[in-house]
Amino acid sequence: LYGALWLVTGLLAARLVRLLAPGRPLPAFAAAALTLTACGDHSVNRLSYLATCSSAAGLLWALGEATAWVLAGRRRSWAGAALALPLALFTYDGVLAGALAAPLVLVSLPLGEDLAARARRRRAVVGWAALAGLYALAFVALSLRPESYARRVASSATAGELAQRAVGLFAFNFTPWRWPGLFVRAEDGTRPEALPGGWLLALTLAGVVAVLWAGRLLVRRSPVPTASRLLPVAGACLATALLANAGAALVVDWPFRSQAVSRIFVSLALALLADGLAARLASAGRPRLAAWAWLACLPFVAGGLWAGLRSQDLYLTLWRRHRVELRSILDQVPNLRPGGRLLLALPRNAPFTSCHYLPVGSTWLGYLYGDLKVPAVIWSAGGFECRVEDQAFACRNPARADCYASGGCQPLRLPFERTVLLRYVRAEGRFVLQRDLPPDLAPGAGGRYDPGGWIVPGPRSRWARELLDQPELLGAFFPGPERGPQTR
């Protein structure tokens, strides 16, 4: 599904440019190639990016339908835009800033003296602004509530700092040589190691050659205009990208889900600017040089291909290590006797493990044991904080600190005699069953601790077999060691 959405986004970019430059397939192909290889965001190629990706695709679909209605007056296009824009906004509110700025593209359309098209454009801009504006008002009203997620994650930076951050995120779209670096510095600094360097270079070069070959074929089928009327549209796309990054700057200060919209509009702008450069050279009597103008897009394609491969390499590397961690849990504690409690302890400086974050780790454990309500607690920087109280581990969720302080919430209590403690050992990259309570985790602990009495053998759940025992697909062509520590 993610791959299909990514491909659809590229096709939607090509469709929009094809509407703007009919009869010339090269600009549309360039827009698609740039969009598909725009991997300058740390969250690309992640399943957790699915909502963001689908929302950005919905925004591009809405803009394409609105453009088609303005240019041709087709009613179905008007209906498509009216359907796609709310879907994009309600899927992921991170595209809101881009949605509010997108009418700039409609305003910049070269309509000449076509009065009917101008009238449709006015109605399209007003309708778009009404839909996006109503959503924005509701979003702001909800964000003002103290318990709202948007208020919790909003940056406290000054206006000057936010402006500097927005410009930095916007400029990152134009530095493709920096994109692969996002996937070398992962959450824990792990370097990708599944894909050999030679393969990485060969696959990137193969992609560049394929784009060059297809572009060479399309040059012959795309007459170069003597003048470009689309430069204002390119400017509007750049302005939309900048405003989208300004919205993202309210939450993040580095390229993580911040480029979901801006990468698309920058790709559209680059394709239109290359078309404008080709038109300028052709009008200056240099038609052969006009064809070479499209080579300006190649650094972005090459950098994006390299970054996309690095991201896949990184996630395959991390998954192989996470699979070792998950297997170590199940190998040592196949099942728990009723009444037992599983406690996973990760050190403060632990790398990005499978159970680092509470919601993700809880889901993994649910898959391992075939029970989403498995009696387990994750003691980590991203999960619970535990300490010894009355011969038990008392575990509190830091996100509910106010509730504990008011007495409305009580900590989870794990009596020593019912606890099975697994500790993450960084040097081995796996969890290790603690036969005795470690003094640094349970200082002064007394009482009975007998984890073996709560561990019972049993077959793996169907979910665990599918998760841990299924052979890799493309990853099988790049075998590598799974074991070993995750190091900074």
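This is a predicted model: local features need pLDDT of at least 70, side-chain atom pairs count only at pLDDT 80 or more; totals for chains, interfaces and linings use all residues.

Q: How many disulfides does the structure hold, and what pattern do they follow?
A: The structure holds 2 disulfides. With bonded cysteines counted along the chain, their pattern is 1-2, 3-4.

Q: Why is the link between Cys386 and Cys395 called a disulfide?
A: The label requires two cysteine sulfur atoms within 2.5 Å. The S to S distance of Cys386 and Cys395 is 2.1 Å, and therefore this pair qualifies. The angle about its S-S bond is 110°, and the link is right-handed.

Q: What makes Cys403 and Cys409 a disulfide?
A: Their sulfur atoms are 1.7 Å apart. The cut-off is 2.5 Å, so Cys403 and Cys409 form a disulfide. The torsion about their S-S bond is about 85°, so this disulfide is right-handed.

Q: Why is Cys39 said to be in no disulfide?
A: The nearest cysteine sulfur to that of Cys39 belongs to Cys53 and is 11 Å away. A disulfide needs sulfur atoms within 2.5 Å, so Cys39 is in no disulfide.

Q: How do you know that Cys297 is in no disulfide?
A: For Cys297, the nearest cysteine sulfur is that of Cys237, 13 Å away. Because the pair must lie within 2.5 Å, Cys297 is in no disulfide.

Q: Are Cys386 and Cys395 buried or exposed, and why?
A: Buried means under 20% relative accessible area. Cys386 has a value of 11% and Cys395 a value of 0%, so both are buried.

Q: Why do Cys403 and Cys409 receive the labels they do?
A: Cys403 has a relative accessible area of 23%. This value lies between the limits of 20% and 50%, so Cys403 is partly exposed.

Q: What makes Cys39 and Cys297 buried?
A: Their relative accessible areas are 5% for Cys39 and 9% for Cys297. Both values are under 20%, so both residues are buried.

Q: How many residues of each class line the second largest pocket?
A: The lining has 17 nonpolar, 3 polar and 3 charged residues.

Technical notes. Residues are numbered from 1 along each chain as its sequence is written. Side-chain values use heavy atoms; hydrogens and water are left out. Ala, Val, Leu, Ile, Met, Phe, Trp, Tyr, Cys and Pro count as nonpolar, Asp, Glu, Lys and Arg as charged, and the others, Gly among them, as polar. Buried means under 20% relative accessible area, exposed over 50%, partly exposed in between (1.4 Å probe, protein chains only).
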